[in-house]
Amino acid sequence: MDHFIYQNGQLHAEDVALRDIAASVGTPFYCYSTATLTRHYQLLTDALDPLPHLVCFAVKANSNVAVLKVLGDLGAGMDVVSGGEYMRARAAGVPGERIVFSGVGKTLDEMRLALGGGIRQFNIESEPEMEALSFVASEMGIEAPIALRVNPDVDARTHEKIATGRKEDKFGLPIAQARDIYARAATLPGLRIVGVDMHTGSQLTDLAPFEAAYTKLADLTRALRADGHSIDRLDLGGGLGIPYTRSNETPPLPSDYGAMVQRVLGDLGCEIEIEPGRLICGNAGVMVSQVIWRKTGGAREFLILDAAMNDLLRPAMYDAHHDIVPVTESAPGEPQALVDIVGPVCESGDTFARQRAMPLLQSGDLVAFRSAGAYGAVMASEYNSRPLIPEVLVRGDQFAVIRARPGYDEMLARDTIPTWMQTQEA
Ligand SMILES: *Cc1c(COP(=O)(O)O)cnc(C)c1O
């Protein structure tokens with residue numbers, strides 16, 4: 001459920017008409033709903049309630065500091081994968097004790113940054129990384145809390161680019177070697193073992209791969225305890241899928257997920273950490289764009305929008321589907337046409353949808369891409385020298401720009417002409 005619904009024929013974010021935001025900030029833009037973010041966080045934390053737990057929002061899904069602050073103020077922790085994400089979480093007021101550092105290639109500088117600023121746990125993905133963290137922490141005279149990320153070797157049957165839990169994927173340590181690597185971790189200075197970490201994949205629409213992975217995790221936890229390690233936390237990663245279409249997708253409910261976690265892992269007495277990104281923010285955001293031209297007369301009819309693949313990469317990158325709806329509700333029985341919905345970037349890949357049934361929109365009409373709150377703005381680039389589009393946060397009947405649209409001057413100011421060209425005579 002989300003808070004983007006038609007009221008009096010106009011699509012609203014909570015109680016604000018998207019048309020009014022468009023008139024104020026221009027198009028395209030991203031718009032997020034505080035109520036939806038809150039609701040999704042609350043559903044997840046409630047689902048795990050009988051167990052001690054911390055919901056660590058995966059910052060990579062949506063890293064706007066205002067979005068992080070909505071969740072941080074509710075008590076959420078954060079899962080970060082870079083020094084930049086760590087800084088964003090801190091800027092949102094989240095204390096280091098609620099920040100988990102994941103990622104397959106942490107640098108020594110990133111380790112120093114997090115150790116210096118405070119960190120709940122590093123999720124370690126390789127032996128060289130474990131040794132490097134031991135070195136950095138010892139050098140700083142502190143102990144780094146660690147969990148080792150084990151690769152469960154289950155096939156989550158999701159898109160190739162977001163499958164992470166098979167043994168061929170680059171992530172984690174082979175589960176079969178985990179006991180040896182934990183034994184080695186226990187001998188290294190500067191490290192304190194606190195738990196085990198896992199992440200199965202993203203946009204999983206079935207509980208079975210999670211259950212298979214968590215069952216292996218439970219067995220491993222018992223074995224590691226028998227080896228003498230204190231395993232107090234289990235980090236289960238993220239990956240819960242969301243419905244991208246209104247009609248035919250039924251991903252698992254958070255409550256069913258929570259019940260499964262309790263059944264499989266509840267008797268271990270561990271604190272549970274989860275790292276959801278998409279489930280919390282995916283359906284808490286839309287991207288609003290304007291039709292530039294309707295192009296007819298060839299083999300196909302095209303709706304050319306002012307948003308492009310650089311603003312929302314998911315369709316080009318993952319063949320992802322987004323529902324695209326008119327901001328002004330179409331009347332029942334209004335005629336429709338099959339159109340290809342494209343952006344202005346000079347690539348055929350800049351196609352959001354093919355042969356999509358849409359009302360007969362004209363230049364200036366607004367459309368909203370649903371489910372654009374996760375892996376949307378964070379993946380945007382300035383390809384084709386298109387400045388990043390703004391982000392807006394709604395709460396009730398208020399809205400605020402939480403990242404402004406840069407002007408061309410700001411974009412150009414980042415480039416520098418070397419002095420040897422500046423000194424040339426005109
Ligand atoms: C991407 C990722 C997540 C979040 O995945 P979602 O599918 O957005 O829930 C969590 N943990 C790790 C380690 C990740 O790489």
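Which of the 14 residues around the ligand come nearest? Lys60, Ser202, Glu275, Arg278 and Tyr375 do, where a residue is taken to be near a molecule if one of its heavy atoms lies within 4 Å of it.

The model is a predicted one, in which local features need pLDDT of at least 70 and side-chain atom pairs count only at pLDDT 80 or more, while totals for chains, interfaces and linings use all residues. Residues are numbered from 1 along each chain as its sequence is written, and side-chain values use heavy atoms, with hydrogens and water left out.

**Ligand contacts**

| Residue | Protein atom | Distance to a ligand oxygen atom |
|---|---|---|
| Lys60 | side-chain N or O | 2.7 Å |
| Ser202 | polar side-chain atom | 2.3 Å |
| Arg278 | polar backbone atom | 2.8 Å |

Taken alone the ligand exposes 390 Å², of which the protein buries 94%, the accessible areas coming from the Shrake-Rupley method with a 1.4 Å probe.

**Cavity**

A search of the whole structure finds one cavity of 30 Å³ or more, a cavity being a set of points, on a 1 Å grid over the protein atoms alone, where a 1.4 Å probe fits but cannot get out. The lining residues, which have an atom within 4 Å of a point, are Gly237, Gly238, Gly239, Leu240, Tyr257, Ile274, Glu275 and Pro276.

**Strand pairing**

Strands are DSSP runs (E, at least two residues) numbered from the N terminus, and two of them pair if DSSP finds at least two bridges between them. An open sheet of three strands has the order E1-E2-E3 with antiparallel pairing; strand E1 (4-7) and strand E3 (16-17) stand at its edges, each with a single partner strand, so one side of each is left without a neighbour in the sheet.

Strand E14 (residues 285-295) runs antiparallel to strand E4 (residues 29-33), to which four bridges join it, and tyrosine 32 stands opposite glycine 285. E14 also pairs in the antiparallel sense, over four bridges, with strand E19 (residues 366-369), where valine 367 is the bridge partner of serine 289. Four bridges likewise link E14 to strand E15 (residues 302-305) in the antiparallel sense, with tryptophan 293 opposite isoleucine 304. In the hairpin of E14 and E15, which has six residues between the strands, glycine 297 takes a positive phi near 105°.

Methods:
1 Å grid on protein atoms, 1.4 Å probe; cavity = no way out; pocket = protein on both sides within 12 Å on 5 of 7 lines; lining within 4 Å. Points joined across faces, edges and corners; volume = space filled by probe spheres on them. Polar contact = N/O pair within 3.5 Å; in protein donor to acceptor, adjacent residues only side chain to side chain.
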